[in-house]
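Let me put the model up, and then I'll walk you through a few places in it.

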Protein chains: 2
Amino acid sequence: MNFTLETVPTPCIVVNLQTVRSNLRKMADYASQHRLAVRPHFKTHKSLRMAKLQLEAGAIGFACAKAGEAETLGQQGKDILLAYPALDEARTARLARLAHDMTIRVAVDSSLAIDRLAQAARSAGSTLGILVDIDVGFHRTGVQTIDQAAQLAGQAASTNGARLDGIMVYPGHIGAPLAEQPARLALVQEIAHNAVERFRASGLSAPIVSGGSTPTGYNSHLVPALTEIRPGTYIYNDRNTLAGGYCTLDECAATIIATVVSDAVPNKVVVDAGSKTLTSDRLNTNRESGGHGFIPAYPDAVITRLSEEHGEIDLTQSPQRPKLGDRIAIIPNHICPCINLQDAVWLQEDDGELHALPVDARGKLI
Amino acid sequence: MNFTLETVPTPCIVVNLQTVRSNLRKMADYASQHRLAVRPHFKTHKSLRMAKLQLEAGAIGFACAKAGEAETLGQQGKDILLAYPALDEARTARLARLAHDMTIRVAVDSSLAIDRLAQAARSAGSTLGILVDIDVGFHRTGVQTIDQAAQLAGQAASTNGARLDGIMVYPGHIGAPLAEQPARLALVQEIAHNAVERFRASGLSAPIVSGGSTPTGYNSHLVPALTEIRPGTYIYNDRNTLAGGYCTLDECAATIIATVVSDAVPNKVVVDAGSKTLTSDRLNTNRESGGHGFIPAYPDAVITRLSEEHGEIDLTQSPQRPKLGDRIAIIPNHICPCINLQDAVWLQEDDGELHALPVDARGKLI
C-alpha cells in the first residue's frame with residue numbers, strides 16, 4: 001500500500017529521494033575534485049538501497065560500527081572499515097568470517113584488539129586489515145602518541161592474520177563555527193602527517209589515512225594527509241548539520257511526520273512523536289534550550305519536552321499554531337538514532353508517492 | 001543457543017526473572033491491600049511473556065500508548081486502555097477493529113478525538129470506551145477544568161460508538177522527593193474527587209478512575225478516588241526509579257551488559273553501549289551531570305558522554321577501573337526506551353542461563 005504525505009500513518013520518517021541524490025552528488029563532486037575517496041558511514045541510513053545509491057555515486061565501500069552492520073551489507077559492502085575498536089569474541093569471530101569473501105578492515109587503539117582480531121582471523125583462515133586509531137582531539141578513542149601508533153602498526157604488520165592498512169582519525173570535536181575549522185584541522189593534518197612519516201621511517205606503510213565526519217566533510221582538503229573520508233549524516237542531514245552550517249534547509253532529506261493529538265493545555269500542542277521517535281539527543285549548538293527538533297512550518301515553535309510517545313510543542317513565541325489533527329514535519333536534532341528506531345522509513349520517490357524503505361540493519365548492536 | 005552473563009554478546013539487556021516476579025508480587029500485594037486494580041503499562045517491556053506474568057500476578061488488563069501495542073497484546077490484553085489521545089485515522093480505525101473482540105478504552109482530552117473514535121467504531125460496528133483525560137499538574141495533555149471534563153463526558157455518553165467509562169489522570173509531575181508526595185497527591189485527589197462528583201451530579205458515571213506512574217505507585221492510596229493504577233517501569237525499574245527512592249538496587253531487574261573496548265584515552269574507558277543502547281534520556285534527579293547510567297560495580301565512575309555506539313566512562317573519581325575487554329553491568333537512566341531498541345533481550349531464568357525474550361511490540365509506533 002502506498003501513501004502520500006497526507007495519508008501516511010504517523011509518526012514516521014519520510015526521506016526525499018531527490019534530495020538524497022543531490023546530497024550524494026555534492027559530496028562525490030567535492031571528493032573527486034580533491035582526489036579523496038568517499039567511504040560513507042552506513043550507520044546513518046542502515047539501508048541497502050541507500051548503500052547502492054552511494055556506490056553508484058562513487059563510494060569505495062563503507063564504514064560501519066558493528067559486525068552486524070557489515071554482515072547486512074555483505075558483498076554489497078565491497079570494502080568495509082569497522083570504524084570501531086572491536087575486540088570481544090562475538091564481534092572478532094564474525095568479522096573474521098566475513099573477511100573470507102570481502103575486504104574487512106578494523107580501526108583499533110590497543111594491542112589486545114590486534115591480538116584478538118588476528119587470532120580470530122587465523123582461526124577463520126582469513127586476514128583482517130588494521131588501521132591504527134589516533135586521537136586527534138575528540139578524546140574518545142585513539143592512541144595518544146605517534147610512538148604508540150607506530151608500536152601498534154608494527155604489531156599489526158608482524159602478526160599473522162593481521163595486515164597493516166593505515167591510520168584512522170575522527171575529528172568529532174571539530175564542528176561549528178565553520179570559520180574555526182581551518183585552524184583546528186591544521187592540527188589534525190600535523191598529527192596525521194607526522195604519523196605517516198613515522199610509519200615510513202619505521203619501514204611501515206599507511207596506504208589508507210581515513211578521516212571522517214559530516215561537519216568537517218567539505219573541509220577535508222585542509223587535511224592533505226587523508227586518502228579517504230567517512231561522512232555519515234550528509235546523506236540525510238538533520239538539525240545538527242543545519243544549525244552547524246554544514247547544510248541548507250533544502251539539503252535536509254529526512255523529516256519526521258507527526259500528528260497533533262492534543263491542544264488541551266494552553267500555549268502548547270502535543271504531537272505523536274516523542275523520545276521513541278525523535279530520541280532525546282540534544283541540539284549540539286544549544287544543548288539546554290534548543291529543543292528536540294526544528295519545525296520549518298512553525299519556525300518559532302519549540303519542542304520543549306518529550307515523553308516516550310508525546311512531543312510537547314511550546315507555541316508561546318509562535319504567531320501561527322497548528323490545529324488538532326494537523327500533520328507537521330519535524331527535522332530531528334540527530335537523524336541517525338531516529339532511523340535506528342524504525343523498521344522501515346518512507347521514501348518519497350520522484351512520483352511523489354511514498355514507498356517503504358526497509359532499515360535493513362536496524363538494531364544490529366553486535 | 002543459550003548464554004551466560006560471561007558469554008552473551010554485548011551490548012545487550014539482561015532481565016532477572018526472579019527480580020521481576022518479586023517486583024510484580026510487591027505491587028500486586030500493595031494494590032490488593034488498598035483495593036486498587038493494577039493495569040500495567042505495556043510500553044516498558046513490550047513482551048507477551050512479561051504481560052502473562054503480570055496477568056498471573058492479578059493485573060486486570062493493560063495500558064498501551066499505541067494501537068500497534070494493543071494489536072500485539074491481542075486477546076492476551078484482556079482489557080486495554082490506550083492511555084493516549086488517539087484521533088488520527090490510522091489509529092482510530094485499528095482500535096475500532098480491535099474493539100470487536102475485546103474491551104478497548106481510550107483516554108482523550110478533545111471533542112474531536114471522541115468524534116473520530118466514535119465514527120471509527122460505528123464504521124467497524126464496535127464500541128470504544130472513553131476515559132476523560134484530566135490534567136492534574138503535569139501539563140502535557142488533559143482538560144484544564146472540571147467543566148470541560150463534564151462536557152466531554154456528556155459527549156461520550158451520548159455519542160453512538162462511544163461509551164463513557166470514566167476518568168484518567170497522570171501525575172507525571174510528582175516524583176522525588178517522596179516526602180513531598182502526600183501533599184502533592186492531595187491535590188490530585190481533590191481534582192479526581194471533584195470530577196467524579198460533578199459527573200454524578202450530571203447523571204454521568206465514572207466507573208473507572210485510572211491513576212498512574214511507578215514513582216507514585218506505592219502512594220496511590222493517598223488518592224482514594226482511584227479505582228486502578230497504571231505503573232509501567234516497576235517491573236524492571238531503572239536508575240530513575242532508584243535515584244528517586246521508588247525502588248532499591250535489588251529491585252532493579254534489568255541491566256545493560258557492555259564490554260570495555262578502549263582504554264587509550266587517560267582517565268576513561270569506552271564501552272560498546274552508546275546512545276543506540278542506553279538512549280540519551282537523562283537522569284531526572286540530576287539532568288546535567290548525572291551521566292548516562294549507574295555502574296554498581298564502579299559506583300564512582302560516570303558515563304559522561306555517549307556517541308551512538310560508544311559510552312565514555314570517566315574514572316577520575318573511581319578508585320577501581322575496569323580493564324580492556326572486561327564486561328560491566330549498567331543500570332540505564334530510563335529502561336523503557338532502551339528495551340524499545342532491542343529485538344530481544346535476555347531473560348536470566350532460575351537456572352542462571354540466559355534465554356532470548358522477544359520484545360514483541362518493539363517499534364510499534366502507530
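This is a predicted model: local features need pLDDT of at least 70, side-chain atom pairs count only at pLDDT 80 or more; totals for chains, interfaces and linings use all residues.

Start in the segment before strand E1 (12–16) of chain A, which is where A:Pro11 lies.

As for the setting, B:Pro177 sits in the loop between strand E7 (162–168) and helix H7 (181–201) of chain B.

While we're on backbone geometry, go back to chain A and find A:Lys78. Its phi is near 65 degrees, which is a positive value in a residue other than glycine. This lysine is in a loop too, the one between helix H3 (67–73) and strand E4 (79–82) of chain A.

Now look at A:Asp79, in strand E4 of chain A. What does the side chain of A:Asp79 meet in a salt bridge? The partner is A:Arg105, with 2.8 Å from N to O. That pair ties together distant parts of the chain: A:Asp79 belongs to strand E4 of chain A, A:Arg105 to strand E5 (residues 103–108) of chain A, and they are 26 residues apart. Over all chains, the structure holds 50 salt bridges.

How many of these run across the interface of chain A and chain B? The rule finds 10 there. One to click on is A:Arg282 with B:Glu288, where the closest N and O atoms are 3.8 Å apart. The cut-off for a salt bridge is 4 Å, so that pair still counts.

Let's stay at the interface for a minute. On the chain A side, 63 residues are in contact with 63 residues of chain B. The area buried between the two chains is about 5000 Å², and carbon and sulfur atoms give 53% of that. Which residues of chain A lose the most area to chain B? Those are A:Arg140, A:Lys276 and A:Leu365, and together they make up 13% of what that side buries.

Take helix H6 (residues 146–158) and helix H7 (residues 181–201) of chain A: the axes come within 10 Å and cross at roughly 45 degrees. H6(A) and H7(A) are therefore oblique to each other. The crossing, as H6(A) passes H7(A), is right-handed. On the H6(A) side the contact uses A:Ile146, A:Asp147, A:Ala149, A:Ala150 and A:Ala153, and H7(A) brings A:Ile191, A:Asn194, A:Ala195, A:Arg198 and A:Phe199. By class you get 7 nonpolar, 1 polar and 2 charged residues.

With helix H4 (residues 89–98) of chain B, the axes come within 8 Å and cross at roughly 50 degrees. So H4(B) is oblique to H5(B), and the crossing is right-handed. If you zoom in, B:Thr92, B:Ala93, B:Leu95, B:Ala96 and B:Arg97 of H4(B) meet B:Arg116, B:Leu117, B:Ala120, B:Ala121 and B:Ala124 of H5(B). That contact has 7 nonpolar, 1 polar and 2 charged residues.

Then there's H5(B) against helix H6 (residues 146–158) of chain B. Here the angle is about 10 degrees, with the axes 10 Å apart. An angle under 35 degrees counts as roughly parallel, so that is the label for H5(B) and H6(B). The crossing is right-handed. B:Ser111, B:Ile114 and B:Asp115 make the contact from H5(B), and B:Leu152, B:Gln155 and B:Ala156 from H6(B). Those residues split into 3 nonpolar, 2 polar and 1 charged.

That's my tour, so over to you.

Methods. Residues are numbered from 1 along each chain as its sequence is written. Chains are lettered from A and ligands numbered from 1 in the order in which they are written. Side-chain values use heavy atoms; hydrogens and water are left out. Axes are lines fitted to C-alpha atoms, for helices over the stretch in contact, and angles run from 0 to 180 degrees between N-to-C directions. Helices (H or I, at least four residues) and strands (E, at least two) are DSSP runs, numbered from the N terminus. Angles under 35 degrees count as roughly parallel, over 145 as roughly antiparallel, 65 to 115 as roughly perpendicular and the rest as oblique. A crossing is left-handed if the near helix is turned anticlockwise from the far one by less than a right angle, and right-handed if clockwise. Contact means heavy atoms within 4.5 Å. Ala, Val, Leu, Ile, Met, Phe, Trp, Tyr, Cys and Pro count as nonpolar, Asp, Glu, Lys and Arg as charged, and the others, Gly among them, as polar. Buried area is the accessible area (1.4 Å probe) that two parts lose on being put together, summed over both.
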